[in-house]
Amino acid sequence: EVAGRLGADWSHNPGIELFRVNNKIISNCTKCNLSWTSNFKQPNYSDYHYDETYSLSNDLFENLFERLYQISEKYRSEGNVFEIGCSVGNLLKVFRRHGWKVAGIEPSKKAVQIANSQKLNTILGKFEEISLKTNSYDLVILSQTFEHMDNPLNTLTKVRKILKRDGLILIGVPNFGSLSAKILGKHWYYILPDEHKWHFTPKSLYKLLSKAGYSPLEYQAVSGILDYGYPLKELYLSLKGLKKRFVLEALTMIPSLIVSKLNIGTGLVVVARRD
């Protein structure tokens, strides 16, 4: 399996080509279901182009991250949380508001400055390159980050070391196993082959987590308005601000409810416990 070779020079394994997007090959391992972008080159995240978006749309992103808090709260309601790729700190603010002690790491210098101006205890750097105290955190979060990492198995192994005994990991990624991904194929918006090295399904993510020493607890795959902690609040704010997304959210509400109920939506969130 490709997943079993992540610690070695596995990247030359061609896998099975699914399709090509922008001259990038999207390949798949039929045994573990893991998919990846071949001939991938990591972008420069020291000045990330989404930093301004996260800052200007604070209410939107905090509502999105409120849902992640609601999921994690089912298993742990307080403690120390560490976010990998925390950007300007929208998610950390949500957890701090609910009583958690927060910290994070982010490679974008501008984002770190914004986060630390809000006292969010953010480190400048890459998670793969820093040393952190072992057995320190009750929860580690990778939200829209894991699909960018060089080596997901190594990342999970390192996260396991900084988690406390029975600590939790929460991962949020685009769902390559979603109904929309299957229908749209290479035209699926969330492939983003110039940014996303990995394309996860619930099956492939569960296998990786199990291999790295975790027990998966649950996954949720929702779409549209169900991706928010408070869906009605999002509808109200988007309508009040005359945002274009309100029309899209209103038109897709019924389909979003259906695919979310079937657990085949575009936003995949997985929670696992350190063994």
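Author: Two strands pair if DSSP finds at least two bridges between them. Strands are DSSP runs of E, at least two residues long, and helices are runs of H or I, at least four long, both numbered from the N terminus. This is a predicted model, in which local features need pLDDT of at least 70 and side-chain atom pairs count only at pLDDT 80 or more, while totals for chains, interfaces and linings use all residues. Residues are numbered from 1 along each chain as its sequence is written, and side-chain values use heavy atoms, without hydrogens or water.

Reader: What makes S1 and S2 a pair?

Author: Five bridges join S1 to strand S2 (residues 24-28), in the antiparallel sense. The requirement is at least two, so the two strands pair. In S2, Phe19 has Ile26 as its bridge partner, and Ile16 has Asn28. Two residues lie between the strands of this hairpin, where Asn22 takes a positive phi near 50°.

Reader: Which strands are called edge strands in the sheet that holds S1, and why?

Author: The sheet is open, with four strands in the order S1-S2-S3-S9 and antiparallel pairing. S1 (16-21) and S9 (198-199) are its edge strands, since each pairs on one side only.

Reader: What is the strand order in the sheet of seven?

Author: The order is S6-S5-S4-S7-S8-S11-S10, in an open sheet with mixed pairing. Its edges are S6 (122-124) and S10 (214-222), each pairing on one side only. The twist averages 15° from one strand to the next (axes are lines fitted to C-alpha atoms, with angles from 0 to 180 degrees between N-to-C directions).

Reader: What makes S4 and S5 a parallel pair?

Author: Strand S4 (residues 80-84) and strand S5 (residues 101-106) pair in the parallel sense over five bridges. One of the residue pairs joins Glu83 to Gly104 in S5.

Reader: Which residues of H5 are called buried, and what do they pack against?

Author: Buried means under 20% relative accessible area (exposed is over 50%, partly exposed in between; 1.4 Å probe, protein chains only). In helix H5 (residues 152-162) the buried residues are Pro152, Leu153, Thr155, Leu156, Val159 and Ile162. They pack against S4, S7 (137-143), S8 (163-174), S9, helix H7 (202-211) and S10, contact meaning heavy atoms within 4.5 Å.

Reader: How far from the backbone nitrogen of Leu153 is the side-chain oxygen of Asn151?

Author: The distance is 3.3 Å, and Asn151 caps the N-terminal end of H5.

Reader: Where is the pLDDT below 50?

Author: pLDDT is the predictor's confidence in each residue, from 0 to 100. The protein averages 92, and 94% of the residues score at least 70. Over residues 7-12 the pLDDT is below 50, and this stretch has seven contacts beyond near neighbours in sequence. Where pLDDT is low, predicted coordinates should not be read in detail.

Notes:
A polar contact is a pair of N or O atoms within 3.5 Å; within protein, one must be able to donate a hydrogen and the other to accept it, and residues adjacent in sequence count only if both atoms are side-chain atoms.
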